[in-house]
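Reader: I would like to learn how to read a model like this one with some care. Could you take me through it feature by feature, with the general idea ahead of each case?

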Amino acid sequence: MAANLVYRYDGSLQGFLCCVAQSFFDKAVPAGIGAWDDPQATLFPIKEVETDWQLAKRLERSITSRISPEAWDMVQRGFLTCMEEKELRLLRFILLGYKMGPRVARLSTNEDVHALDKALLYLKNEAHYHVEFLRFTDFGGFLGAVITPNNTILPLIVHHFCSRLNTEDFMIYEKTHQMGFLHRKGGAHQFFQADHIQFPEKTDMEKRCQALWRIYYDAAAVEGRENPKLRRGHMPMRYWVNMTEFQRG
Amino acid sequence: MNIMEKLEVLTDAAKYDVACTSSGVDRPAIPGALGSAVKAGICHSFAADGRCISLLKVLLSNDCAFDCSYCVNRRSQDTPRASFTPEELCRLTIEFYRRNYIEGLFLSSAVVKNPDYTCELMLKTLRMLREKEKFWGYVHVKAIPGADPALTEKLGFYADRMSVNIELPSQKSLTLLAPQKSKEKILAPMGQIRDGIRENATDLVRYKAAPRFVPAGQSTQMIIGATPESDRQILNLTEGLYKKYSLKRVFFSAYMPVVEHRNLPAPTTPPPLLREHRLYQADWLLRFYGFQAGEILDDEHPDFDPLLDPKCNWAVHHISQFPIEVNRAPYEMLLRVPGIGVKSAMRIRSARRWAKLDFEGLKKLGVVLKRARYFITCQGKSISPLPMDNPAVIAGAIRERGFAQNGGALQSWQGEALPALEQLSLFTPTPKDKVQCLTGQI
């Protein structure tokens with residue numbers, strides 16, 4: 001039973017949960033769910049869904065207790081992914097969960113669960129790529145980094161850097177989702193939203209350090225074994241733009 | 001010489017060392033110290049040859065007193081010499097680490113003056129890094145064969161991983177190419193480190209705060225293709241090292257003809273990259289798939305098949321044990337099916353508890369049906385497109401295509417030409433294709 005309706009919500013996880021609740025009230029799955037700022041136009045009539053924090057909280061409790069905490073975790077992380085039609089897929093996943101119970105997380109041969117699994121794997125891999133390939137620049141006293149991932153991975157990687165670089169002031173800016181994270185020596189930290197970030201000029205000391213790294217990078221390759229395909233496989237070219245070793249000239 | 005030139009010279013001298021892993025130890029960060037270590041290790045970049053760059057891998061000095069004929073740093077070689085001071089190396093490590101370029105330091109050195117003196121220098125550097133700079137990241141240090149055991153032990157308390165290079169796969173080759181090294185000299189520190197780790201394990205049970213000795217274990221590496229050992233000898237040696245010395249990793253390095261010497265292959269010989277690749281495949285079978293060296297290669301087949309990977313090769317030779325039913329077969333047997341790896345075997349094991357598996361489902365779990373279809377059934381059904389009574393037919397079907405098309409490039413390791421395969425092709429292979437099909441991964 002599909003309703004010829006499209007839900008619009010504010011783009012937050014709580015807003016999405018209210019869409020899920022709305023679909024329960026309507027007793028139908030909508031034709032689409034999209035955020036306010038979603039550029040995509042639609043011919044279906046639009047229903048605007050208000051974000052109600054109380055309702056969202058209720059749904060969270062319900063998913064945790066009636067399906068499983070693992071399924072709630074999958075929904076939460078699934079919302080960070082860049083999966084196509086992620087809201088609709090997650091909605092169908094939740095509905096399947098209410099029908100099947102905790103085993104929904106294991107039904108990896110079901111189409112929606114498979115798509116979610118794949119998206120979650122991509123999220124996890126991309127987060128790991130950024131733990132690996134994120135590059136800080138020292139702006140005289142504090143470290144700054146810009147990343148451009150497809151998924152919203154910032155919340156997944158910050159704890160790694162917070163504990164590892166606990167002796168440093170640093171900032172990571174996720175350009176794709178215009179979101180940043182600020183950490184101060186001693187542990188104070190916060191997320192923030194910003195359309196644009198202007199970093200100061202690089203110091204001479206920093207330029208020298210980057211040059212040293214490029215020298216090291218070039219010297220570490222063994223001539224006679226060049227293998228560009230293997231390198232691209234391990235380190236997709238999409239991430240190269242933000243990496244020091246490829247910023248030359 | 002300024003620090004840039006030094007870095008270039010000393011990186012160049014260290015790059016033939018294969019190991020660049022930062023794995024084996026989980027060490028959560030502590031407030032006030034820079035760094036941490038994670039068990040799986042983190043690669044921070046990949047060089048143009050596709051190898052991972054995880055650690056700052058440099059020599060402390062390349063001013064060597066030894067004269068091993070396969071080595072770029074041997075005394076008689078005319079090459080620029082340089083040495084880092086401990087301060088320079090510490091500064092470099094810290095500055096690279098806080099910018100997230102590296103996971104830690106890989107400290108190795110040529111033998112300066114004598115092994116003990118070299119060890120003292122390395123110890124000084126590590127002490128400064130750990131105690132003065134409060135560096136809490138990963139450190140891999142190379143033990144120097146022939147050094148005082150007391151010094152090696154001290155190094156072990158600062159390092160996460162230690163390694164001693166076994167260099168060449170047999171004593172005979174060592175005497176021929178590295179006259180100052182011997183099997184005993186190499187194995188002595190290896191045994192010492194193993195005993196140290198075992199002793200430390202009991203200490204840690206007694207006192208939680210006991211200092212940790214080489215917590216990430218030890219590794220070694222050997223050069224492949226500089227000497228005439230067969231694959232079977234190398235693989236048996238590898239298995240022995242894992243069992244006897246409880247090594248974490250054995251690395252293989254295809255010999256790059258960097259120096260000219262009458263005891264070495266001619267400088268024009270291409271590095272045996274495919275052979276190295278096969279050895280790594282077999283190494284994985286030993287470590288993760290429950291194979292024994294004797295099962296992979298035997299007296300009749302002392303060398304790997306260049307066309308068929310070791311796992312497929314085993315399956316084709318034991319075709320009587322197949323096909324197996326994926327919904328019921330034990331995990332150990334799933335692991336032995338070509339096209340099913342550790343990850344997909346684990347996925348199958350968990351998914352089949354909840355639903356009956358079919359071929360469509362297997363594909364979603366990541367099984368490579370192209371190879372696996374000959375060896376499995378799903379709910380009693382098989383989708384093998386070929387009759388299963390002739391193993392040679394199956395072998396032909398799962399052969400690696402890239403190689404089959406370049407029949408002309410095929411040679412066994414000893415250089416005798418293998419019968420070229422009859423394959424119709426619209427395009428004649430270019431020399432570039434041949435090179436590409438041989439470039440392997442370390």
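Author: Let us begin with burial, for which a cut-off is needed: a residue counts as buried if 20 or more other C-beta atoms lie within 10 Å of its own, and as exposed if 12 or fewer do. Please keep in mind throughout that this is a predicted model.

Reader: With that cut-off, what percentage of the residues in chain A is made up of buried residues?

Author: Of the 249 residues in chain A, 34% are buried. The chain has 8 helices and 8 strands, and its C-alpha atoms fill a box of roughly 65 × 40 × 35 Å along the principal axes.

Reader: How many residues does each chain bring to the contact between chain A and chain B, and which helix of chain A gives the most?

Author: An interface can be read by counting residues on each side and then asking which elements supply them. Here the contact takes 38 residues from chain A and 43 residues from chain B. On the side of chain A that touches chain B, α5 (111-133), α6 (154-164), α7 (204-220) and α8 (228-234) of chain A each supply at least two residues, and α7(A) gives the most, with 8 residues. By class, this side of chain A divides into 18 nonpolar, 9 polar and 11 charged residues.

Reader: Turning to a sheet, what is the order of the strands in the open sheet of chain B, and which strands stand at its edges?

Author: The open sheet of chain B has 6 strands in the order β3-β4-β5-β6-β7-β8, with parallel pairing. Because β3 (56-59) and β8 (249-254) of chain B each have a single partner strand, they stand at the edges, and one side of each is left without a neighbour in the sheet. Neighbouring strands of this sheet are turned by 20° against each other on average, direction ignored. Helix α1 (residues 3-14) of chain B lies across β3 and β4 (104-108) of chain B, running at about 95° to β3(B).

Reader: Which residues of helix α12 of chain B are buried, and why can they be placed on the same side?

Author: In α12 (residues 342-351) of chain B, the buried residues are B:Ser344, B:Ala345, B:Arg347, B:Ile348 and B:Ala351. They cover an arc of only 160° around the axis, and therefore lie on the same side of α12(B). That buried set packs against α11 (331-334) of chain B, whereas B:Lys343 and B:Ser350, on the other side of α12(B), are exposed.

Definitions and conventions: Residues numbered from 1 in each chain as written. Chains lettered and ligands numbered in written order. Predicted model: local features only at pLDDT ≥ 70, side-chain atom pairs only at ≥ 80, totals over all residues. Contact = placed C-beta atoms within 7 Å. Helix = DSSP H or I, 4+ residues; strand = E, 2+ residues; numbered from the N terminus. Nonpolar A, V, L, I, M, F, W, Y, C, P; charged D, E, K, R; others polar. Pairing = 2+ DSSP bridges. Axes fitted to C-alpha atoms, helices over the stretch in contact; angles between N-to-C directions. Arc of directions from axis to C-beta.
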